[in-house]
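Please open the model in your viewer and keep the selection panel at hand. The tour below goes from confidence to the interface and then to the parts that form it.

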Amino acid sequence: MASALKTYGTLIGFILVVVFFWIEIPDTFMTAKNWLNISQQVSMLAVVAFTMTIVMVMGDFDLSVGSMASLAGIVAALAFHDGYGVEIGVALALIIGLAGGLLNGVLVAYVGILPFVATLGTLTIYSGLAFLVSGGKTIFGRDIPPAFSGFARSGIPLSDTVSLPSLTLVAALVLLAVWFVLEQTTFGRRLYAIGGNKEAARLAGIRVKRLRFFAFGLSGLGAATAGLMYASRVASANPTQGSGLMLDAIAAVFLGMTMSDEGEPHVLATLVGVLILGVLGNGLTQMSIDSYVREVLIGSIIVLAVAASSIGKARG
Amino acid sequence: MTLLSIRDLDKSFAGARALSGASLEVRAGEVHALMGENGAGKSTLIKVLAGVVKPDAGGIEIDGAPISIASPADALRLGLRFIHQELSVVPHLSVAENIFLGRDYPRRWRFMIDWEGLNRAAAAVLAGLGVSHINPARKMARLTVGDQMLVKIAAAFQDASIGGGVPARLYVMDEPTAALSAEESQRLFAVIRRLRAHGAGIIYVSHRLDEVMELADRLTVLRDGATVATRDIAGLQKLEVIELMIGRRFAEGYPPRLAPVANEMALSVQHLSTGYLQDVSFEVHKGEILGLAGLEGAGQSEVIRAIVGADGGHDGAISLAGRPVKIDEPVSAWAKGLAFLPRERRQEGLVASASIAGNVSLPHLDDLVRFGLVLDRAAETEQAVGLGRQVKLKAKGPRQKVRELSGGNQQKVVFARVIAGKPEVLLLDEPTRGVDVGARYDIHALLRELTAEGKTVVLASSDLPELVYMADRVIVFRDGKVATTVSTEGLDQAALAALCFGTPTAPSA
Ligand SMILES: Nc1ncnc2c1ncn2[C@@H]1O[C@H](COP(=O)(O)OP(=O)(O)OP(=O)(O)O)[C@@H](O)[C@H]1O
Ligand SMILES: [Mg+2]
């Protein structure tokens, strides 16, 4: 019983939160429309959290994802502004994301800077770059091609009234990809080994540096993807629009980690973390709870969940 | 006079019984050995006593009064001191702080810590153990594991060496000599005898029978979590102890050589130098077991680590089967058919959070893929099951977490990993550390089989009989240099020990 609570506590908490809103907001909360809405609202956070999971599996962090998301949005918007097509803009943004992530990888894996410090540095650099290339302005209106902004409004119709948003679909695909990489491939297995014991992994013939390098690349790529999704959704790009993503993504992974008895991140658990944050945000907004109160509540819930699980695991 | 009495302890971990009816009585002024196969429950019993593990049933009495130990602090207050099998040190604190962790530091003006006083006190505690080469101000992380063990021992002994505080009544040591050299072990024994003379009780766990027969007054044997016997050491034969432990007759010994050494070169090391090693050269033939001996840190481990590229670059040339190879990372060593078993299973060997199968497969993942990148779990499991059987692993199944295994069983996992990839050359650094007599024999027999198939073994060990009986030749290291190379033909343990110490009376071969 106690051990079940340890493992499933977070999941039970999630269900309680859902039940609470179901009771409090009986008319709108538990509807297909609202859930599809939530899925779209959290899709960007989800993508960042899923790829963040890849680096956190190795015991690392990537603090630069938020500013990378902003930078990627800006890069795409500037490309559109200069008359390039949607494909080119998107490709450019993704390349920037991958390159920025790999730069983090170089700093962490090859130069040997602590991930916290290295990505704190690049956080500032990417954010500065986003301001620099955009001139600090929001790029919007005619600069953004309708084909690009239309993507976020499109979806696959499920019935006469609801459809599966394209952004949700993107997040689901990223989830599937990350799950496959982490849980099914030797690459993922090696990442978990690095997270468990770097030195033992290295001595057992794992290329720790190279794998850390690549993993940070994937995190950068995920951040850029989220940045593009965001830009498409709001049909504009500004140099700070991704900044909220980083903390929420790390929080989502931590919430997920409370569900594993080894305290290892797993991407399906991260999904639960993302949904908790998403549902809380959605429900509290519908109940018209002030956004500052909302932040206090969400923060407290994260701390409580993590504390409860570490107390539960302290003694055998 | 009975000091401690443990009665009918039961403990299950998620349905698996670790203790079922374990009892133990320790008198004041005796060294009481706690014996048993790997996974018999020795460490679990000790953890119960230390307040680390909560028993499901059973009682503990001290001086005839029932007590409950709910936390390590309780145990400390009751005068119990522990040296656990799994070293837990605080790496970024100093040696002195590790020794006095959780106790009152000496003060200056009441609230400032007297660092010099602390270091002096720590030095005194270490001196009580006959240890003078460890600087108390040094960071714990920078010590060798053997030295860290000495510091942990010192921490357990601190109030025995200096006055003040509650004198400890019972010392509990779980394989304290596993990471110690012969010399350090002897010093520890001297301290243990002194404590015994002062009336303390000592519970002592070791898989080294000779050591136990030499040191202990009585022994209690656990089998599958239950106490099977308590005996006086006087008049007891080693054979009887082994029989009590494994439940059948079994002569301690070494499996015979199965085939002669081939004339073909397997591994050649020429003029190998690193920051520490100086101009080390040797050759090993197919089917040969080459022993590496020497005092702690004389170069045995360093040679093995240098060959597999564990510490980056080195000078000198290495060739495999006559072909020169360049290895500057462990990954290339594994790829070239070298298998490496590092000295410290917990720090360097195992991913404790991963499963048995996941640990065994780690260097061999490329052989376990389908479609180029998908891990073939079924094949991985199969590999672990087969090897687990060969090394007599005691576990719930191939997917059990390594963290949950007993120390000796963890060691068997590291060994299984080494033989998993059918390597040409095995580089083994203390492969049988913490492994019980039966499993040790099995590991030795496996090495014999491998060499009979033409595989090559380089075996660094502080266990001199292991070298004398298993190796064909032994290289003795001193201060990072090859001091001498001897054939084990007619060599005995004492002669090898003399060579390690470099004493002038050493016979040469
Ligand atoms: N935390 C745990 N979870 C699950 N099983 C455990 C745990 N700790 C110990 N066990 C199991 O309990 C049994 C006894 O383990 P213990 O460590 O006491 O053995 P031991 O006698 O000290 O062996 P060794 O000589 O190898 O150190 C083993 O089968 C082990 O797998
Ligand atoms: Mg043990």
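**Confidence, then the interface**

Begin by selecting chain B of this predicted model and colouring by pLDDT: the chain averages 90, and 97% of its residues score at least 70. Next select residues 161-165 of chain B, where pLDDT stays under 50 and for which the model has four contacts beyond four places in sequence. Where pLDDT is low, the predicted coordinates should not be read in detail. For the complex, the predictor gives an ipTM of 0.91 together with a pTM of 0.92.

Now show both chains and select the residues in contact, which are 38 from chain B and 23 from chain A. About 2,400 Å² is buried between chain B and chain A, with 49% of this area on carbon and sulfur atoms. Within that selection, pick out Val331(B), Leu362(B) and Leu365(B), which supply 19% of the area that chain B buries against chain A, more than any other three residues.

The rule finds four salt bridges across the interface; to view a salt bridge, select Arg305(B) and Glu199(A), whose side chains meet at 3.8 Å, N to O.

Finally, display the elements of chain B that give two or more residues to the side touching chain A: helices H10 (330-335), H11 (345-349), H12 (356-361) and H13 (377-390), and strand S20 (374-375). Of these, H11(B) gives the most, with four residues. Coloured by class, the residues of this side of chain B divide into 18 nonpolar, seven polar and 13 charged.

Conventions
Residues are numbered from 1 along each chain as its sequence is written. Chains are lettered from A and ligands numbered from 1 in the order in which they are written. This is a predicted model: local features need pLDDT of at least 70, side-chain atom pairs count only at pLDDT 80 or more; totals for chains, interfaces and linings use all residues. Side-chain values use heavy atoms; hydrogens and water are left out. pLDDT is the predictor's confidence in each residue, from 0 to 100. Contact means heavy atoms within 4.5 Å. Buried area is the accessible area (1.4 Å probe) that two parts lose on being put together, summed over both. Ala, Val, Leu, Ile, Met, Phe, Trp, Tyr, Cys and Pro count as nonpolar, Asp, Glu, Lys and Arg as charged, and the others, Gly among them, as polar.
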